[in-house]
Amino acid sequence: MKSTSPWEDMVDNTSIRREKNKARDLRQTQWWKQRLAKGTCYYCGKPFRPAELTMDHVVPLSRGGKTTKGNVVPACKSCNTQKQQLVPVEWEAYLKTIQKD
């Protein structure tokens with residue numbers, strides 16, 4: 001089977017599965033619920049209802065990121081979809097290119 005991304009081979013599927021399980025558990029904590037209750041997307045800063053926000057890993061799991069309080073943020077679906085598997089420096093560069101248009 002062919003890799004779907006250039007980073008897929010860097011992190012094994014067992015590690016990713018373990019981190020996704022941690023994310024499921026973290027979503028149930030008061031800490032995460034309080035983050036959602038603020039109703040703000042980490043990336044665009046726009047207000048949203050908590051149910052409209054998703055959990056995003058700032059450093060994606062496929063790029064070696066972990067499910068820790070320091071690496072997960074609430075993000076609107078639009079930003080989360082656009083960010084995909086970019087790390088912060090790549091995301092910043094992407095934002096600069098779209099702001100020029």
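Predicted model: local features only at pLDDT ≥ 70, side-chain atom pairs only at ≥ 80, totals over all residues.

Colleague: Why is the pair K22 and E19 called a salt bridge?

Modeller: The closest N and O atoms of K22 and E19 are 3.1 Å apart, and since the limit for a salt bridge is 4 Å, the pair qualifies. Both residues belong to helix α1, where being three residues apart separates them by about one helical turn.

Colleague: What makes E19 buried or exposed?

Modeller: E19 has a relative accessibility of 4%, and because buried means under 20%, E19 counts as buried. K22, by contrast, has a relative accessible area of 38%, which falls between the 20% and 50% cut-offs, so K22 is called partly exposed.

Colleague: How do you know that K83 and D56 tie together parts that are apart in sequence?

Modeller: Their side chains meet in a salt bridge, at 3.3 Å from N to O, and because K83 lies in helix α3 while D56 lies in strand β1, the pair joins parts that are 27 residues apart in sequence. K83, at 1% relative accessibility, counts as buried, and D56, at 5%, counts as buried too.

Colleague: Which residues touch the most other members of the largest nonpolar core?

Modeller: In that core of 16 residues, they are C41, Y43 and M55, while strand β2 gives the most to the core, with four residues. Y43 also touches both D56 and K83, which are among its contacts.

Note on methods:
Residues numbered from 1 in each chain as written. Heavy atoms only, no water. Core = buried A, V, L, I, M, F, W, Y, C linked by side-chain atoms within 4.5 Å. Buried < 20%, exposed > 50% of the residue type's maximum accessible area, 1.4 Å probe, protein only. Helix = DSSP H or I, 4+ residues; strand = E, 2+ residues; numbered from the N terminus. Contact = heavy atoms within 4.5 Å. Lists of a residue's contacts leave out its neighbours within four places in sequence.
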